[in-house]
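Subject: Structure for you to look at

Hello,

Here is the structure I promised to pass on. Please open it first, then read my notes below.

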Amino acid sequence: MLALFCYYSAIPASAAFTSLCDSIPQENSKIKDLLSTQINDGKLTLNLYGDFGYVFGPQKTHTFYDPITQNEVTQYGRRDFTSYPLYANQFSMSYAFVQAQYEIENKFRFRLALHSGHIVDALYVEETPSTKIIREMAIYYHLNPKWAIEAGIFPSYFGAEIVLNKENLHATRAYIADFTPDYEAGIRLHYKPDQFNTFTAMVLNGWQVIRETNTTKAYALTWTLNKPGKILGNWNLMFADEQSLMAPKPLFRHYQNIYYRIWLSKRLLILPVLDIMVERKPAAQKGWNKVIAPAFSARYAINDKFGVASRFEYIYDPSNIIPELKTNTPNGWQSKATTLTFEYLPSNWITFRAEGKYGVNKDAVFRDKFNLPTRADYYGIVSTAFYF
C-alpha cells in the first residue's frame, strides 16, 4: 500500500477532470469526508487536516530582526531558512485546515478553506491579516467535457512537495520546496484532451502572492501527466516580473519545476525533481542570475503498514535569487542535504512518521546550540498527521 495522498486528492474526480491521485490504488486514494450531504443537485462536504509533532534540534534562544514588526525578537528554538520545522525542541503544529466544498459533478465546484500553523506563519508574512488565513477560495466551472475555468485563491501546482506533509514522501520538505510558490491568486484555464494529460494556463498576481506587489501579472503553464499506477507528475513554467513597486525597470524571472512520481513496482516509488530559475540582474548590472536545484526521493513499502523513504537535495543559488534563502555571505546558498523517514500507517487517513535530516551549506549560515554560525543543519522529528 503506497498510501500517498497527493495534494490533488482533495479535488473530487469527475468524468472530465480526474484527480492526480487516481494513480494511487483506489482503496487508498479516497479521503474520508468528515461530513457529506446531498443538497439539491450537488453535494456539500467538509474536510479536516492536521499535522502535529515534536522537533529535536540544536537551536536554543535566538534573537533576530523581525521585518514585519520591525523590532528585535527573542524566541526559543527558532530556526532559519525553513517554514517547517520552524521551531526546535518543542511540540509544534506545522499545518491545519478546515475545508468546505459544494460540487455539482461535471458542472460546478466552490471551495472555501481556512488554515493555520507554523507553515502559514512563515509563508504568508507579506499578506494582509484578512487574507493570510485563507488557504483556498475558488470557483471551478466546467465549460464542457474537455475545458474548465477556475478563479480565486488556490494552492499552487508548483512543487513536488506541498504544505500538506502527509501527502509528501517525508514529514518535512526540501529547502527549496519551502519557498517556491505554494499558493496563488488569479485565474486558471484547464484543457484535458484525453484521460492521461491535462494542460493548464494561468494568469496570476505574482510569485506566491495574494495581494499584487507590483503593476504586472505573472503567467504560468502546467502539463500534468497521470497514468494510474505508473507515472504521475507535472512540468510547470512561470514567467513573472519580481521587481518591487515603483522600481526603475522590470526584473524578469523564469522558473521551471519538473517532477514525476514513478512506480517501479507496487512497493517501490521514486520521485526525481528539478527546479531551474533564471532572473535578470538588477538595472546596474548585465546578465542573468540562476538557480539549479535537483532532488531525488524514493519510498519502499515494507508492507501495508510500514514504509521507509529517503531524499537527497542540492541547491545552487550563489546570487541569492530566492529571498527566503538570502544568506548575505560570499557564496550565497549552496547546500546538500539528506533525509531519512520511517512511516507507520494505521489507516488510510492517519500517518505517523519518525524522520531525520542533515544538511551542509558552503558558508556558515545555520546556527548551533550556542547561537553561533555553522555550516551544518540537522534535526529529528516525530509527527502525526490526519486527513478526513
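R253 and E279 meet through their side chains in a salt bridge, with N and O 2.7 Å apart. This pair links distant parts of the chain. R253 sits in strand β13, E279 in strand β14 (residues 268-280), and 26 residues separate them. R253 has a relative accessibility of 5%, so R253 counts as buried. E279 is buried too, because its relative accessible area is 8% and the cut-off for buried is under 20%. Bear in mind that this is a predicted model.

A second pair is R353 and E343. Their side chains form a salt bridge at 2.6 Å, N to O. R353 belongs to strand β18 (residues 350-361) and E343 to strand β17 (residues 333-347), so the bridge ties together parts 10 residues apart in sequence. Both residues, R353 and E343, are buried.

Next come E136 and R111. They form a salt bridge as well, and their closest N and O atoms lie 3.2 Å apart. E136 is in strand β7 (residues 134-142) and R111 in strand β6 (residues 108-116), so this pair ties together parts that are 25 residues apart in sequence. E136 and R111 are both buried.

Why do such pairs form? Side chains of opposite charge can pair when their charged atoms come close.

How many salt bridges are there by this rule? The count comes to 15. Some are joined up: a network of salt bridges links R109, E150, E184 and R188.

Now the surface. Which residues make the nonpolar patch of about 600 Å²? They are I187, V203, Y219, L221, F239, F252 and W288. F252 is placed in strand β13, which covers residues 252-263. R253 of the salt bridge with E279 lies in strand β13 too. Is F252 buried, partly exposed or exposed? Its relative accessibility is 31%, so F252 counts as partly exposed.

Last, the whole chain. The chain holds three helices and 21 strands. It has 388 residues, and 53% of them count as buried. The accessible surface comes to about 17,100 Å². Carbon and sulfur atoms hold 62% of that surface. Among contacts in the chain with a separation of 6 or more, 59% are between residues 24 or more positions apart.

Best wishes

How values were computed
Residues are numbered from 1 along each chain as its sequence is written. This is a predicted model: local features need pLDDT of at least 70, side-chain atom pairs count only at pLDDT 80 or more; totals for chains, interfaces and linings use all residues. Side-chain values use heavy atoms; hydrogens and water are left out. Patches are made of residues with over 30% relative accessible area and no salt bridge: like charges are joined within 9 Å, nonpolar side chains (Val, Leu, Ile, Met, Phe, Trp, Tyr) within 5 Å. Accessible areas come from the Shrake-Rupley method with a 1.4 Å probe; for residues, only the protein chains shown count as cover. A salt bridge is a side-chain nitrogen of Lys or Arg within 4 Å of a carboxyl oxygen of Asp or Glu. Helices (H or I, at least four residues) and strands (E, at least two) are DSSP runs, numbered from the N terminus. Buried means under 20% relative accessible area, exposed over 50%, partly exposed in between (1.4 Å probe, protein chains only). Contact means heavy atoms within 4.5 Å.
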